[in-house]
Amino acid sequence: MPVPSPLALTLPTPTNLVFSNGFEGQVLSPGPTGWNDYHLDPGNRLVVTAYRVREGTRALGVYCLPGGGASKAEVQRTGLHVGQGQVTRLEWSLYVDGDPGFGPFFLADLEDTSYSLSPGVRVFAQTDDSLAVELKGYGARLEQPYGSRVPLPTRQWVDLAWTFLPDASAGWVTLEQNGVVVLDGALRTLPSVGDQVLDRLGVGCTANSGPRAVTMFVDRVQLFQ
Ligand SMILES: [Ca+2]
(Lines give C-alpha, C1' and ligand atoms only; values in the text may rest on other atoms or scores of the structure.)
Protein backbone atom coordinates (compact mmCIF):
# COMPACT_ATOMS: atom_id res chain seq x y z
CA MET A 1 0.00 0.00 0.00
CA PRO A 2 1.57 3.33 -1.01
CA VAL A 3 1.97 5.77 1.83
CA PRO A 4 2.54 9.44 0.99
CA SER A 5 5.23 11.38 2.76
CA PRO A 6 4.00 13.91 5.30
CA LEU A 7 3.48 17.26 3.65
CA ALA A 8 3.88 20.71 5.07
CA LEU A 9 0.51 22.10 6.06
CA THR A 10 -0.47 25.15 4.08
CA LEU A 11 -3.01 26.49 6.57
CA PRO A 12 -2.19 27.97 9.96
CA THR A 13 -3.19 25.74 12.87
CA PRO A 14 -5.79 27.51 15.03
CA THR A 15 -5.24 27.00 18.77
CA ASN A 16 -8.28 28.61 20.40
CA LEU A 17 -10.34 25.72 21.75
CA VAL A 18 -14.03 26.51 21.22
CA PHE A 19 -15.53 23.09 21.94
CA SER A 20 -14.20 19.94 23.57
CA ASN A 21 -15.91 16.73 24.58
CA GLY A 22 -14.62 13.24 25.30
CA PHE A 23 -17.90 11.69 26.50
CA GLU A 24 -16.70 11.64 30.10
CA GLY A 25 -19.37 13.65 31.94
CA GLN A 26 -22.98 14.37 31.14
CA VAL A 27 -22.88 13.95 27.39
CA LEU A 28 -26.06 15.77 26.36
CA SER A 29 -26.09 19.15 28.07
CA PRO A 30 -26.65 22.80 27.18
CA GLY A 31 -23.38 23.82 28.82
CA PRO A 32 -20.27 24.99 27.01
CA THR A 33 -18.69 21.55 26.67
CA GLY A 34 -21.67 19.27 26.04
CA TRP A 35 -23.39 18.00 22.96
CA ASN A 36 -26.73 19.77 22.84
CA ASP A 37 -28.55 17.75 20.18
CA TYR A 38 -28.43 14.51 18.25
CA HIS A 39 -29.94 12.77 15.23
CA LEU A 40 -30.79 9.09 15.55
CA ASP A 41 -32.73 7.22 12.88
CA PRO A 42 -34.81 4.11 13.63
CA GLY A 43 -32.72 1.00 14.24
CA ASN A 44 -29.52 2.94 14.87
CA ARG A 45 -27.92 3.39 18.29
CA LEU A 46 -25.81 5.90 20.22
CA VAL A 47 -24.36 4.75 23.53
CA VAL A 48 -21.72 6.02 25.92
CA THR A 49 -19.44 3.11 26.64
CA ALA A 50 -16.22 2.07 28.37
CA TYR A 51 -15.80 -0.79 25.88
CA ARG A 52 -13.42 1.02 23.53
CA VAL A 53 -11.85 4.27 24.65
CA ARG A 54 -9.23 6.51 23.09
CA GLU A 55 -8.86 8.83 26.07
CA GLY A 56 -10.29 8.86 29.59
CA THR A 57 -12.81 6.22 30.61
CA ARG A 58 -15.67 6.58 28.13
CA ALA A 59 -16.30 7.02 24.42
CA LEU A 60 -19.31 7.19 22.13
CA GLY A 61 -20.45 3.95 20.55
CA VAL A 62 -22.28 4.30 17.24
CA TYR A 63 -24.28 1.67 15.37
CA CYS A 64 -25.56 2.79 11.98
CA LEU A 65 -27.58 0.81 9.45
CA PRO A 66 -27.01 1.39 5.73
CA GLY A 67 -29.60 3.60 4.11
CA GLY A 68 -28.33 5.77 1.31
CA GLY A 69 -27.90 9.29 2.62
CA ALA A 70 -30.74 8.95 5.08
CA SER A 71 -29.37 6.78 7.89
CA LYS A 72 -27.78 8.82 10.66
CA ALA A 73 -26.57 8.30 14.23
CA GLU A 74 -24.73 11.44 15.30
CA VAL A 75 -24.23 13.80 18.20
CA GLN A 76 -24.44 17.50 17.45
CA ARG A 77 -23.19 20.77 18.84
CA THR A 78 -25.24 23.75 17.75
CA GLY A 79 -24.68 27.47 18.18
CA LEU A 80 -21.21 27.51 16.63
CA HIS A 81 -19.95 30.28 14.38
CA VAL A 82 -17.77 29.22 11.47
CA GLY A 83 -17.85 32.04 8.95
CA GLN A 84 -15.93 33.38 6.00
CA GLY A 85 -12.18 33.37 6.61
CA GLN A 86 -12.28 31.74 10.07
CA VAL A 87 -9.80 28.88 9.83
CA THR A 88 -11.30 26.01 11.81
CA ARG A 89 -9.83 22.71 12.95
CA LEU A 90 -11.69 19.62 14.12
CA GLU A 91 -9.70 16.94 15.89
CA TRP A 92 -11.28 13.64 16.80
CA SER A 93 -10.53 9.96 17.11
CA LEU A 94 -12.53 7.09 15.74
CA TYR A 95 -12.47 3.32 15.63
CA VAL A 96 -14.38 1.48 12.92
CA ASP A 97 -15.15 -1.93 14.39
CA GLY A 98 -15.50 -4.00 11.24
CA ASP A 99 -14.04 -5.04 7.91
CA PRO A 100 -12.64 -2.65 5.30
CA GLY A 101 -15.00 -1.66 2.51
CA PHE A 102 -17.53 0.17 4.70
CA GLY A 103 -17.65 3.37 2.62
CA PRO A 104 -19.19 5.58 1.44
CA PHE A 105 -19.65 6.61 5.05
CA PHE A 106 -19.91 10.18 6.35
CA LEU A 107 -18.00 10.87 9.57
CA ALA A 108 -18.28 14.56 10.47
CA ASP A 109 -19.87 17.72 9.16
CA LEU A 110 -20.31 21.41 9.83
CA GLU A 111 -23.59 22.73 8.49
CA ASP A 112 -25.62 25.92 8.13
CA THR A 113 -28.96 25.11 9.75
CA SER A 114 -30.59 28.35 8.61
CA TYR A 115 -30.96 27.04 5.06
CA SER A 116 -33.03 24.20 3.65
CA LEU A 117 -31.23 20.81 3.82
CA SER A 118 -28.46 22.41 5.95
CA PRO A 119 -25.69 22.80 3.36
CA GLY A 120 -22.14 22.49 4.68
CA VAL A 121 -18.81 20.72 4.55
CA ARG A 122 -18.24 17.11 5.53
CA VAL A 123 -15.59 14.43 5.84
CA PHE A 124 -16.39 11.01 4.46
CA ALA A 125 -14.85 7.67 3.58
CA GLN A 126 -15.19 6.88 -0.11
CA THR A 127 -15.94 3.42 -1.56
CA ASP A 128 -12.25 2.53 -1.11
CA ASP A 129 -12.37 3.86 2.50
CA SER A 130 -10.00 6.75 1.69
CA LEU A 131 -11.11 10.01 3.24
CA ALA A 132 -12.34 12.98 1.22
CA VAL A 133 -14.03 16.30 1.96
CA GLU A 134 -16.95 17.81 0.08
CA LEU A 135 -19.29 20.77 0.13
CA LYS A 136 -22.68 19.12 0.27
CA GLY A 137 -24.99 20.04 -2.58
CA TYR A 138 -22.42 21.96 -4.60
CA GLY A 139 -20.46 19.17 -6.28
CA ALA A 140 -17.23 20.48 -4.76
CA ARG A 141 -15.03 17.64 -3.56
CA LEU A 142 -11.39 17.16 -2.59
CA GLU A 143 -10.18 13.57 -2.94
CA GLN A 144 -6.86 11.86 -2.44
CA PRO A 145 -5.07 11.25 -5.74
CA TYR A 146 -5.49 7.84 -7.29
CA GLY A 147 -2.44 5.69 -6.72
CA SER A 148 -1.55 7.17 -3.36
CA ARG A 149 -4.78 6.87 -1.42
CA VAL A 150 -4.55 5.82 2.22
CA PRO A 151 -7.66 3.92 3.36
CA LEU A 152 -9.00 4.67 6.80
CA PRO A 153 -7.86 1.62 8.75
CA THR A 154 -10.42 -0.40 10.65
CA ARG A 155 -10.24 -2.14 14.04
CA GLN A 156 -7.87 0.46 15.44
CA TRP A 157 -8.08 3.98 16.80
CA VAL A 158 -7.33 6.64 14.20
CA ASP A 159 -6.62 10.27 15.11
CA LEU A 160 -8.02 12.73 12.57
CA ALA A 161 -7.43 16.47 12.24
CA TRP A 162 -9.44 18.42 9.67
CA THR A 163 -8.46 22.03 9.10
CA PHE A 164 -10.24 24.27 6.63
CA LEU A 165 -10.53 27.85 5.50
CA PRO A 166 -14.23 28.65 5.05
CA ASP A 167 -14.62 30.54 1.81
CA ALA A 168 -17.28 30.52 -0.89
CA SER A 169 -14.73 30.80 -3.68
CA ALA A 170 -11.16 30.35 -2.38
CA GLY A 171 -11.48 27.79 0.41
CA TRP A 172 -8.75 25.38 1.43
CA VAL A 173 -8.77 22.01 3.22
CA THR A 174 -6.18 19.85 4.92
CA LEU A 175 -6.81 16.49 6.56
CA GLU A 176 -4.35 14.59 8.72
CA GLN A 177 -4.80 10.89 9.42
CA ASN A 178 -2.63 9.65 12.28
CA GLY A 179 -0.40 12.69 11.73
CA VAL A 180 0.02 12.14 7.99
CA VAL A 181 -1.43 14.76 5.65
CA VAL A 182 -3.71 12.91 3.25
CA LEU A 183 -5.57 15.95 1.85
CA ASP A 184 -4.20 19.42 1.20
CA GLY A 185 -5.84 21.47 -1.49
CA ALA A 186 -8.29 24.10 -2.67
CA LEU A 187 -11.97 23.48 -2.12
CA ARG A 188 -14.99 25.71 -1.96
CA THR A 189 -16.07 25.39 1.66
CA LEU A 190 -19.02 27.76 2.11
CA PRO A 191 -22.35 27.36 0.34
CA SER A 192 -22.78 30.88 -1.05
CA VAL A 193 -21.27 34.33 -1.06
CA GLY A 194 -22.40 36.50 1.82
CA ASP A 195 -22.87 36.04 5.51
CA GLN A 196 -23.14 32.24 5.47
CA VAL A 197 -22.22 30.71 8.82
CA LEU A 198 -21.74 27.03 9.61
CA ASP A 199 -23.34 26.66 13.04
CA ARG A 200 -23.78 22.95 13.73
CA LEU A 201 -21.11 20.28 14.21
CA GLY A 202 -22.08 16.65 13.80
CA VAL A 203 -19.88 13.61 14.46
CA GLY A 204 -20.54 9.88 14.43
CA CYS A 205 -22.46 8.40 11.53
CA THR A 206 -23.60 11.57 9.78
CA ALA A 207 -24.79 9.28 6.94
CA ASN A 208 -24.15 5.64 6.10
CA SER A 209 -24.27 5.31 2.31
CA GLY A 210 -22.20 2.13 2.35
CA PRO A 211 -23.14 -1.51 1.87
CA ARG A 212 -23.63 -2.64 5.46
CA ALA A 213 -24.26 -1.69 9.07
CA VAL A 214 -21.26 -0.11 10.80
CA THR A 215 -20.26 -0.11 14.44
CA MET A 216 -17.79 2.58 15.39
CA PHE A 217 -16.49 4.44 18.40
CA VAL A 218 -15.73 8.15 18.69
CA ASP A 219 -13.69 9.99 21.32
CA ARG A 220 -11.63 13.13 22.00
CA VAL A 221 -13.59 15.65 19.92
CA GLN A 222 -12.07 19.12 19.86
CA LEU A 223 -12.85 22.16 17.74
CA PHE A 224 -10.34 25.02 17.39
CA GLN A 225 -10.61 28.41 15.73
CA1 LIG B 1 -13.24 9.74 26.45
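Which residues point one way from strand 5, and which the other way? Ala73, Val75 and Arg77 go one way, Glu74 and Gln76 go the other, and all are buried. Buried here is a count: 20 or more other C-beta atoms within 10 Å of the residue's own, while 12 or fewer is exposed and in between is partly exposed, with C-beta atoms placed from the backbone.

Quick housekeeping before I go on. This is a predicted model, where local features need pLDDT of at least 70, side-chain atom pairs count only at pLDDT 80 or more, and totals for chains, interfaces and linings use all residues. Residues are numbered from 1 along each chain as its sequence is written. As for strands, they're DSSP runs (E, at least two residues), numbered from the N terminus.

Okay, back to strand 5, residues 73-77. Five of its five residues are buried, so this strand is largely enclosed by the rest of the structure. And who are its partners? Strands count as paired if DSSP finds at least two bridges between them. On strand 2, residues 37-40, there are four bridges, antiparallel, and His39 stands opposite Glu74. With strand 16, residues 200-208, strand 5 makes five bridges, again in the antiparallel sense, and there Arg77 faces Leu201.

Strand 16 also pairs antiparallel with strand 8, residues 105-111, through six bridges. Asp109 sits opposite Gly202 in that pairing.

Now zoom out. Seven strands make an open, antiparallel sheet, in the order 2-5-16-8-9-10-11. Strands 2 and 11 are at the edges with a single partner strand each, so one side of each has no neighbour in the sheet. From one strand to the next, the twist averages 20° (that's between lines fitted to C-alpha atoms, taken in N-to-C directions, on a scale from 0 to 180 degrees).

Leu117 lies in the loop between strands 8 and 9. Its phi is positive, near 70°, and Leu117 isn't a glycine. Leu117 has 9 C-beta neighbours inside 10 Å, so it counts as exposed.

Last one: Thr189, in the loop between strand 14 and strand 15. Buried or exposed? Buried, because Thr189 has 28 C-beta neighbours inside 10 Å. Leaving out residues up to four places away in sequence, its contacts (C-beta atoms, placed from the backbone, within 7 Å) include Val121, Leu135 and Phe164.

Terms used: Two residues are in contact if their C-beta atoms, placed from the backbone, lie within 7 Å.
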